[in-house]
Structures are given as structure tokens and as C-alpha cells.
Amino acid sequence: MGSAITRPRQQHLLHVLQQAECELSAQALHQRLRATNRSAGLATVYRGLKLLQQAGLIRSRKLPHGETLYAPVERDDHHLICVQCGAIQALPHCPLGTAGLGLGAVLLQGFRPLFHTFEVHGLCSRCQHQEACLDG
């Protein structure tokens, strides 16, 4: 899938992301590195994340408030996001799949996809219920 990463620091970043139970921000990843005594500056962490992403080994997802989260590409998480309360719910599988993305047309244009994200923004059931109570 992706290119081989040869730099030990990038390999360690990838390993920490693979061991994480969830997506991590660059700041959270930086804190985990400090806890393992393999500290690197935050700018170095960002550079390593960019290289891992360009190699097709990690993906990123930007949250509504602007923070970016990172995870290995093999962790294919997709989400429902409530625009009112901010609740995020993971979907059990990728609703797009490679056929749904129309990747054939994209690939014919010479584009090589590394990863994708899928998010649906709307109102969760709790917020819908609160709105119905206010309207009623």
C-alpha cells in the first residue's frame, strides 16, 4: 500500500499510532512520546506525521473545531457527527467502499488515493428529541 518508512523516529510515530486505542492529535501523540522517553519537538512530530501521511501509512481527519486527528490507514473509521452537541459516533463499516467512491474514474485521471474519510454531519437522536420538545 504505502512506501517504506526508514527513519526510526517515523517508525516509532507509526508504532504509537498503531498501538493507540483511538485516533490521536499531534499534541496527544507528542505527550505519549514524552512518556516513553523518546521525546521529539512538536514541530518534528508534525513533520513526521506529514511524511507518514504522504507515504500512505496514516490518515487524518479534521474535527469541526479545527483539530486534526491521526490514525493508521488500516483503521478505517468513519463517523456521524452532531453539529449541535458535538457527539461523534463511529460507523461499524465503511459505507463508501471502493466501488462507491468511483475510484475507477479517479484512477483514470492519474490520481493515486492514499486514504479517505467519511463523515456525516447532522443532529443526533438526543438533540432531535430536545428540538422536538422545544417545538412542541
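User: Is the crossing of helix 2 and helix 3 left-handed or right-handed?

Analyst: In this predicted model, the crossing of helix 2 and helix 3 is right-handed. The contact is made by Ala-26, Gln-27, Leu-29, His-30 and Leu-33 on the side of helix 2, and by Leu-42, Val-45, Tyr-46 and Leu-49 on the side of helix 3. Sorted by class, the residues of this contact are 7 nonpolar and 2 polar, with no charged residues.

User: Why are helix 2 and helix 3 called roughly perpendicular to each other?

Analyst: Helix 2, which covers residues 26-35, and helix 3, which covers residues 42-54, pack at an angle of about 115°, and their axes are 10 Å apart. Angles of 65 to 115 degrees count as roughly perpendicular, and helix 2 and helix 3 are therefore given that description.

User: How do you know what to call the arrangement of helix 1 and helix 3?

Analyst: The axes of helix 1 and helix 3 cross at roughly 80° and come within 10 Å. The range for roughly perpendicular is 65 to 115 degrees, so helix 1 is roughly perpendicular to helix 3. Helix 1 brings Arg-9, Gln-10, Leu-13, Leu-14 and Leu-17 to the meeting place, and helix 3 brings Thr-44, Val-45, Gly-48, Leu-49, Leu-51 and Leu-52. In this contact of helix 1 with helix 3, the classes are 7 nonpolar, 3 polar and 1 charged.

User: What makes His-30 buried?

Analyst: A residue is buried when its relative accessible area is under 20%; His-30 has 15%, so His-30 is buried. His-30 is found in helix 2, and, leaving aside residues up to four places away in sequence, His-30 touches Ala-40, Gly-41, Leu-42 and Val-45.

User: Why is Phe-118 called partly exposed?

Analyst: Buried means under 20% and exposed means over 50%, with partly exposed in between. Phe-118 has a relative accessible area of 21%, so Phe-118 is partly exposed. Phe-118 lies in the loop between helix 5 (103-108) and strand 6 (119-122), and the C-alpha atoms of Phe-118 and His-79 are separated by 6.6 Å although these residues are 39 residues apart along the chain.

User: How many helices and strands does the protein chain have, and how much of the protein chain is buried?

Analyst: The protein chain has 6 helices and 6 strands, and buried residues make up 32% of its 136 residues.

Definitions and conventions
Residues numbered from 1 in each chain as written. Predicted model: local features only at pLDDT ≥ 70, side-chain atom pairs only at ≥ 80, totals over all residues. Heavy atoms only, no water. Axes fitted to C-alpha atoms, helices over the stretch in contact; angles between N-to-C directions. Helix = DSSP H or I, 4+ residues; strand = E, 2+ residues; numbered from the N terminus. Parallel < 35°, antiparallel > 145°, perpendicular 65-115°, else oblique. Left-handed = near helix turned anticlockwise from the far one by under 90°. Contact = heavy atoms within 4.5 Å. Nonpolar A, V, L, I, M, F, W, Y, C, P; charged D, E, K, R; others polar. Buried < 20%, exposed > 50% of the residue type's maximum accessible area, 1.4 Å probe, protein only.
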